[in-house]
Amino acid sequence: MSNDSIEAPAPHREGNEPFASILNRRLSRRGLLKTAAIGAPLVALSTSPLLGARLFGGASLADVAGASGHAGAGGGGPVGIESIPHDLDDTVNIASGYAAEVLIRWGDPVLAGAPAFDLNNQTAAAARRQFGFNCDYVGFMPLDPGSVRFGLLSVNHEYTAGGDMFPGYDSDNPTAEQVAVEIANHGMSVVRVSRRGNGTWYYHPESYYNRRIHGETPIVPTGPAAGSAYLQTAADPTGMDIRGMFNNCGGGKTPWGTILTCEENFHQYFANNDAVEETAQARNARYGAPGGESFRKWERFERRFDLAQEPNEINRHGYVVEIDPYDPTSTPRKHTALGRFKHEAANTTLSDDNRVVVYSGDDQRFDYMYKFVSRNAFNPYNRAENLNLLEAGTLYVAKFDDSGAGEWIPLVPDGPLAGWSLADICVFTREAADLVGATPMDRPEDIEVNPVNRRVYAVMTNNTRRTEEQVDGPNPRGPNTYGHILELTENGGDAAATTFTWDIFILCGDPANEEHGTYFAGFEQGELDSIATPDNIAFDRAGNLWVTTDGQPRALEAADATYVIPTAGPERGRLRRFMTGVPGGEVTGPEFTPDDTALFLAIQHPGERGGLDEPTSTWPDGDFPRPSVIVTRKLDGGVIGT
Ligand code: FEO
Ligand code: CA
Ligand code: CA
Ligand code: CA
């Protein structure tokens with residue numbers, strides 16, 4: 001979902017406004033970047049500790065990848081893809097030599113006993129056994145160590161929209177059953193998937209591993225806020241028994257083979273903040289909670305969504321949730337130690353001393369970038385212990401310096417946060433970050449470590465409200481209509497470092513339009529296609545950056561799409577458009593198999609804004625739009641991008 005349509009939160013505290021910056025400083029910085037980027041040597045090309053860890057079980061990639069690989073190891077291309085046009089038609093288009101096929105659609109059966117999907121007779125009971133709505137993050141885990149043909153696909157169902165789900169939906173008067181169906185369509189599906197000999201993929205309905213997590217699923221909180229007064233409600237006086245996860249947007253994977261799925265716009269499910277006492281009201285307002293009724297109106301049917309009745313329920317949402325896809329009986333856990341904000345995603349790497357580092361962006365205009373460093377180290381031989389790693393550690397927030405340096409400021413009960421408890425920090429994280437002077441960013445989305453050069457790539461999707469007076473080094477355009485991608489280098493290459501340096505990697509837009517002020521890591525712009533509103537990213541094994549977009553129809557009158565951008569060598573910054581989506585639908589969830597022969601993508605909310613009654617898309621089946629996961633592959637079975 002685009003946060004452009006979401007109510008802005010309360011303003012940041014005084015003294016923490018974005019740096020005032022001036023146009024010529026921005027230009028001189030960009031001039032410097034252009035010169036520096038061309039001949040910049042790469043920092044230590046050490047192999048990522050996560051490369052092997054991408055395969056739960058410890059098999060090395062060399063075991064599974066075979067001899068074929070990317071011609072341009074090191075993220076330097078050449079990427080053997082011919083860029084395609086940005087046509088906004090009602091088909092998924094893909095580069096020549098590749099195929100894009102639907103794998104699973106909204107309503108498809110997931111669990112045993114799921115009825116066939118019936119648009120006109122939806123029930124919550126059926127939806128709890130079927131693939132949910134608006135698929136977003138996609139995570140592939142090999143089913144057996146080293147397997148690239150058999151896996152478990154974990155897919156987020158970010159949010160629902162009654163008008164896109166129910167024929168004749170009346171947004172003023174949703175029915176109790178419609179609300180129950182929507183609650184059931186949230187969360188996540190885990191499905192077993194297999195690759196056939198001919199290279200195509202299918203999923204197994206009714207597999208033992210299949211799972212549906214939805215808005216009623218029991219979830220246990222961990223960490224400093226678990227069981228605290230902030231999480232206690234009339235329905236759960238223990239503060240330890242949460243029902244459901246909502247608005248799970250992006251995600252990530254851990255080295256021990258679990259999925260991190262992230263609650264993003266959780267505020268929009270709650271109503272009547274005006275009725276809450278003053279302190280809590282201000283805290284809720286910092287997250288954008290509506291003062292009156294919610295646009296979904298779930299509060300009419302379930303008291304937990306009414307802040308006037310359950311003022312603490314909102315504190316139980318906004319977390320990173322860890323799910324073990326290999327154990328369908330396991331209880332998902334909300335890790336409060338990673339903070340409470342509109343988590344776009346959560347991507348892990350390991351520090352030099354094997355602690356787990358998790359990067360996560362808070363996707364709101366002028367909000368922040370965070371990283372969590374675990375207290376204990378990852379132990380490749382003890383999965384049970386690793387499952388507790390995200391329960392204790394230090395949460396940091398990023399403060400950028402216009403000169404190209406930056407600092408990770410710990411959110412600890414000290415200095416500006418003296419008198420705060422750890423539970424306070426973990427529940428009211430935005431306020432804590434306001435107080436320590438974090439840098440307000442242009443809607444931080446996915447943040448991921450390049451497995452080859454170890455740099456951290458952070459996506460700022462756009463910020464149409466940043467003014468020219470508010471531009472600064474890391475957010476150099478106001479308004480920022482097209483978005484940009486930052487490239488951070490942790491001090492000494494250690495992910496646990498508390499300082500970093502940064503550069504701008506891509507300033508998005510149409511290079512043919514000088515007013516957009518685009519920049520593509522110094523690459524000659526005349527040859528390049530347009531890109532806007534970058535959102536989720538993934539890296540192939542060679543270190544090339546793959547980017548999906550959310551909002552190109554509005555920003556560029558172009559289809560949302562997937563791009564690939566080399567990060568090193570003479571092709572660094574050379575953008576290619578790999579595939580395009582359909583009207584109304586963003587493209588999300590870029591996820592490779594461990595051998596890079598398949599790239600999974602999600603087409604979220606096809607036909608959005610037209611609703612079911614006047615759909616702008618009938619993809620994928622020609623009758624009505626259905627959010628679906630697709631798999632893209634090279635027709636010759638080779639590595640994507642070669
Ligand atoms: Fe759900 Fe930040 O996109
Ligand atoms: Ca987005
Ligand atoms: Ca997103
Ligand atoms: Ca990603």
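In the sequence of this predicted model, the donor residues of the calcium ion (ligand 3) follow the spacing C-x94-E-x190-D. E344 is placed in the loop between β13 (333-335) and β14 (347-350), while D535 belongs to strand β26 (residues 534-539), so this pair ties together parts of the protein that are 191 residues apart in sequence. The protein donors of this calcium ion are the SG atom of C249, two OE atoms of E344 and two OD atoms of D535, lying 2.3 to 3.0 Å from the ion. The angles among the 6 donor atoms of the site run from 46 to 156 degrees, and the geometry is irregular. A further calcium ion (ligand 2) lies 3.6 Å from ligand 3, and D535 coordinates both ions. Both E344 and D535 are buried.

In one of them, the side chains of R633 and E101 meet with an N to O distance of 2.8 Å. R633 counts as buried at 10% relative accessibility, whereas E101, with a relative accessible area of 24%, is partly exposed.

A salt bridge is also formed by E216 and R304, whose closest N and O atoms are 3.5 Å apart. E216 lies in the loop between β7 (211-213) and β8 (218-222), and R304 lies in the loop between α7 (278-286) and β12 (320-323), so that parts 88 residues apart in sequence are tied together by the pair. Of these two residues, E216 counts as partly exposed at 30% relative accessibility, and R304 counts as buried at 9%.

In the salt bridge between R577 and D529, the closest N and O atoms are 4.0 Å apart. Here too the pair links distant parts of the chain, with R577 in strand β29 (residues 576-580) and D529 in the loop between β25 (519-520) and β26, 48 residues apart. At 2% relative accessibility R577 counts as buried, while D529 counts as partly exposed at 24%. Finally, salt bridges that share partners join R286, D362, D367, R430 and D434 into one network.

Notes: Residues are numbered from 1 along each chain as its sequence is written. Chains are lettered from A and ligands numbered from 1 in the order in which they are written. This is a predicted model: local features need pLDDT of at least 70, side-chain atom pairs count only at pLDDT 80 or more; totals for chains, interfaces and linings use all residues. Side-chain values use heavy atoms; hydrogens and water are left out. Donors are N, O and S atoms within 2.8 Å of the metal (3.2 Å for Na, K and Ca); water is not among the atoms, so sites may look incomplete. Four donors count as tetrahedral if all angles lie between 85 and 135 degrees; four count as square planar and six as octahedral if opposite donors are over 155 degrees apart and all others between 65 and 115; anything else is irregular. Helices (H or I, at least four residues) and strands (E, at least two) are DSSP runs, numbered from the N terminus. Buried means under 20% relative accessible area, exposed over 50%, partly exposed in between (1.4 Å probe, protein chains only).
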